[in-house]
Amino acid sequence: MSNCCNRIQPVLLSVLRIVTAYLFLLHGTSKFFAFPIEMGSGSPGGLMLLAGILEIVGGILLVLGLFTRPAAFVLSGQMAVAYFMAHASGNALFPIANGGEWSLDKLFFKRKA
């Protein structure tokens, strides 16, 4: 690995960690505070409550850089469960076909997922 890559790697890993934390925080705040969008109706309960807590607490830990490996491990498991329960359960396996996050295709060409 070149010297340039060695210098930029920590910066890129920090950017990846912070952006991922931001996305988890947005999912958690959507569940609890309907911000920036409402996710579900009313107060979360059951698995939605657990997911919201994990997303907010885990997102905060990731953005601060505290316990990042255990937090990332728990959050990756939570996202795998959420993906298979909410997106891949009855539709297609691929996010573009099952109402996943978003894609440039969907944005530019107004395709319905």
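Mentor: Let's begin with a definition: helices (H or I, at least four residues) and strands (E, at least two) are DSSP runs, numbered from the N terminus. The model is a predicted one, where local features need pLDDT of at least 70 and side-chain atom pairs count only at pLDDT 80 or more, while totals for chains, interfaces and linings use all residues. Residues are numbered from 1 along each chain as its sequence is written, and side-chain values use heavy atoms, with hydrogens and water left out.

Trainee: In what order do the elements of the chain run from the N terminus on?

Mentor: Start by counting: the chain has 0 strands and 4 helices. Reading from the N terminus on, the order of elements is therefore written with helix symbols under the DSSP rule. That order is α-α-α-α.

Trainee: In which loop does P36 lie, and about what omega does its bond with F35 have?

Mentor: P36 sits in the loop between helix 1 and helix 2. As a general rule, most peptide bonds are trans. The bond joining F35 and P36 is cis, with an omega of about 5°.

Trainee: A34 has a positive phi; near what value is it?

Mentor: A34 belongs to the loop between helix 1 and helix 2. Most residues other than glycine have a negative phi. A34 is not a glycine, yet its phi is positive, near 55°.

Trainee: Is A34 buried or exposed, or something in between?

Mentor: We need cut-offs here: buried means under 20% relative accessible area, exposed over 50%, and partly exposed in between (1.4 Å probe, protein chains only). The relative accessible area of A34 is 40%, so this residue is partly exposed.

Trainee: And F67, is it buried or exposed?

Mentor: You will find F67 in the loop between helix 2 and helix 3 (68-87). F67 also has a positive phi, about 50°, although it is not a glycine. Its relative accessible area is 60%, so F67 is exposed.

Trainee: Which residue makes a salt bridge with K31?

Mentor: A salt bridge is a side-chain nitrogen of Lys or Arg within 4 Å of a carboxyl oxygen of Asp or Glu. Searching the whole structure gives 1 salt bridge. At 2.8 Å, N to O, the side chain of K31 meets that of E55.

Trainee: How many residues apart in sequence are the parts that K31 and E55 tie together?

Mentor: K31 is in helix 1, and its partner E55 is in helix 2. Because the two lie in these helices, the pair ties together parts whose separation in sequence is 24 residues.

Trainee: What relative accessibility does E55 have?

Mentor: K31 counts as buried, at 7% relative accessibility. E55 counts as buried too, and its value is 1%.

Trainee: Which residues does K31 touch?

Mentor: A contact means heavy atoms within 4.5 Å. Not counting residues up to four places away in sequence, K31 touches M39, G42, P44, M48, A51, G52 and E55.

Trainee: Which residues are buried in helix 2?

Mentor: Helix 2 (residues 47-64) has 18 residues, and G65, with a positive phi near 80°, follows it. The buried residues in this helix are A51, G52, E55, I56, G58, G59 and L62.

Trainee: What percentage of the residues in the chain are buried?

Mentor: This time we look at the chain as a whole, which has 113 residues. The share of them that is buried is 19%.

Note on methods:
The expected span of a helix is 1.5 Å times one less than its number of residues.
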